[in-house]
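Here are my notes on the model you sent over, as numbered points. Have the structure open while you go through them.

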Amino acid sequence: MSISRSISPEQIKQKALELGFHKVGIAAVEEWRGEGGEGGEGDGEGEGGENPKSFGFLADYGNERTAATDSLSASYLLREHQHVAYSRGLDNPSPPSPLETWLTRGYHADMDWMANPRRRDIRAVMPSVQSVICVALNYYTPHQRPDEERKREGSPYAKISRYGWGRDYHRILHKKLKTLTLWLTSQGPDTEPIEARYYADTGPVQDKVWAERAGIGWIAKNSNVITREYGSWVFLGEVLTNLKLTPDRPHTQHCGTCTRCLEACPTQAITQPFVVDANRCIAYHTIENRAETLPPEIAQRMQGWVAGCDICQDVCPWNQRFAQETDVAEFQPYPWNVAPTLDELAQLSDEEWERRFPASALRRIKPAMLRRNARANLDASTSSESS
Ligand code: B12
Ligand code: SF4
Ligand code: SF4
């Protein structure tokens, strides 16, 4: 049964903002044809053109064309086509969705859970779903990592990604999403119960795809969702509901002809615009890879990263221009997360790990993995010094 009219999208958005989310938008599950979205401004051949006019910092990309950007207009067509296939659900999965292509290429590495068939169709997650209420939570703080060349007590610094500096984002998002979900389900008459379920990161839901459709931001060439207001320093989550709500317009694409992230990635993990091969991604190897040692071709190029990797976000002009400090106090960094040294992490005991990372998303990186990551960086710097 689908429910309409018992509560307005505006009321839901207001409640989400009151709960502290920084952005909220709504996507419809039923039909999504890309009208007024990717077909609108910023799309296809002309998509690089508007950026230099409205945003001076992108002007230096105006006429730049590389092999990556040359394939872009074709890619956009493909992408739009694939989004239409998405909207038709699993009954007509031709051509394959980007997720299927990604899995077929083996880009998920050892993350077998990415192949969960429910991830391909949101109706398999919640059969009654009609709308997806998408939220974004800004986590940026202005702290900066020490300069590359600096050392403390003779040791180079280790780099921890911003997502892991403060309190575990899953706890913060889930708490707010739970409150929103409970509030939503309490709004309907008993005769027409409102159903709602929330997800953020850990569920078999494609957070970025829904965020783009709900107008939160666009899936960028580094594969993260960028918002106009906060850059890509946002966590994403969503509430699935059986309410039929008027959707927002999908977000338009604003990478233009820029290719900074593709060029900056030290392992060429962004194999083509929008597509990240986890096998080559430092974030994957530092967070998810459980092997005793890291592949040498990755270990040589980690540039100090021990927990995730922010390179393709740090170089992004949208982040450099629009990042703003979060008002979520829990995202302020634990002091030891911004500038640890490789030596101290390479020797970190299990007890010290427990003490340092009590309520952190970094707990996914077990102490032996953290030691492994730090040692890989130390070995790489020793071998580059001796060669
Ligand atoms: C698996 C996963 C990873 C993997 C794989 C990364 C990846 N890009 O898929 C690893 C461990 C490497 C990873 C790393 C990171 N992750 Co992660 N990750 C996820 C997870 C669980 C699933 C993502 C997913 O569905 N991937 C599968 C592929 C198919 O999807 P995709 O990357 O979105 O790319 C597709 C689209 O871009 C689409 N597409 C769009 N346009 C076009 C055009 C063409 C031509 C084609 C072919 C395809 C295409 O096809 C692409 C694939 O082919 C989500 C949470 C969730 N449940 O969604 C978080 C999530 C994406 N991660 C997140 C974060 C913060 C990170 C890191 C920044 C953490 C860090 N600092 O180290 C890095 C960023 C690395 C990067 N550049 O992507 C956030 C991103 C927030 C945001 N603003 O977008 C999410 C959304 C978690 C959350 N709820 O907040 N992650
Ligand atoms: S997170 Fe790092 S390794 Fe992964 S794609 Fe971005 S720059 Fe490359
Ligand atoms: S650096 Fe930012 S704007 Fe440039 S292509 Fe990458 S994601 Fe897009």
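Two residues are in contact here if their C-beta atoms, placed from the backbone, lie within 7 Å. Keep that in mind for the packing points below, and remember that this is a predicted model.

1. Overall picture. The chain has 17 helices and 14 strands. Of its 387 residues, 41% count as buried. If you take the contacts with a separation of 6 or more, 79% of them come from residues 24 or more positions apart.

2. Helix α7. This helix covers residues 169-185, which makes 17 residues, and spans 24 Å from its first C-alpha to its last, close to the 24 Å expected at 1.5 Å a residue. Its buried residues are Tyr-169, Ile-172, Leu-173, Lys-176, Leu-177, Leu-180, Thr-181 and Leu-184. Looking down the axis of α7, these buried residues fall within an arc of 155°, so they line one face of the helix. The general rule behind such a pattern is that an α-helix has 3.6 residues a turn, so residues three or four places apart point the same way.

3. What sits on either side of α7? The cover over its buried residues includes α1 (9-18), β3 (131-138), β7 (196-199) and β10 (234-241). On the face turned away from the buried side you will find the exposed residues Lys-178 and Leu-182.

4. Ala-27. Look for this one in strand β2, residues 23-28. Ala-27 counts as buried because 24 other C-beta atoms lie within 10 Å. Leaving aside residues up to four places away in sequence, Ala-27 touches Ser-131, Val-132, Cys-134, Trp-210, Arg-213, Ala-214 and Pro-247. Leu-240 is 213 residues away from Ala-27 in sequence, yet the two are 9.8 Å apart in space, C-alpha to C-alpha.

5. Ligand 2. Around this one are Asn-222, Cys-265, Thr-267, Ala-269, Ile-270, Val-276, Cys-281, Ile-282, Ala-283, Cys-309, Ile-311 and Cys-312. The shell has 10 nonpolar and 2 polar residues, with no charged ones. Here α10 (282-287) and α12 (311-314) each supply at least two residues.

6. Two backbone spots to check. Most residues other than glycine have a negative phi. Ser-223 is not a glycine, but has a positive phi of about 80°. Ser-223 is found in the loop between β8 (218-219) and β9 (225-226), and counts as partly exposed because it has 18 C-beta neighbours inside 10 Å. Gln-268, again not a glycine, has a positive phi of about 55°. Its place is in the loop between α9 and β12 (270-272). Gln-268 counts as exposed, with 12 other C-beta atoms within 10 Å.

Terms used:
Residues numbered from 1 in each chain as written. Chains lettered and ligands numbered in written order. Predicted model: local features only at pLDDT ≥ 70, side-chain atom pairs only at ≥ 80, totals over all residues. Near = placed C-beta within 6 Å. Helix = DSSP H or I, 4+ residues; strand = E, 2+ residues; numbered from the N terminus. Nonpolar A, V, L, I, M, F, W, Y, C, P; charged D, E, K, R; others polar. Buried ≥ 20, exposed ≤ 12 C-beta atoms within 10 Å, placed from the backbone. Expected span 1.5 Å × (residues − 1). Arc of directions from axis to C-beta.
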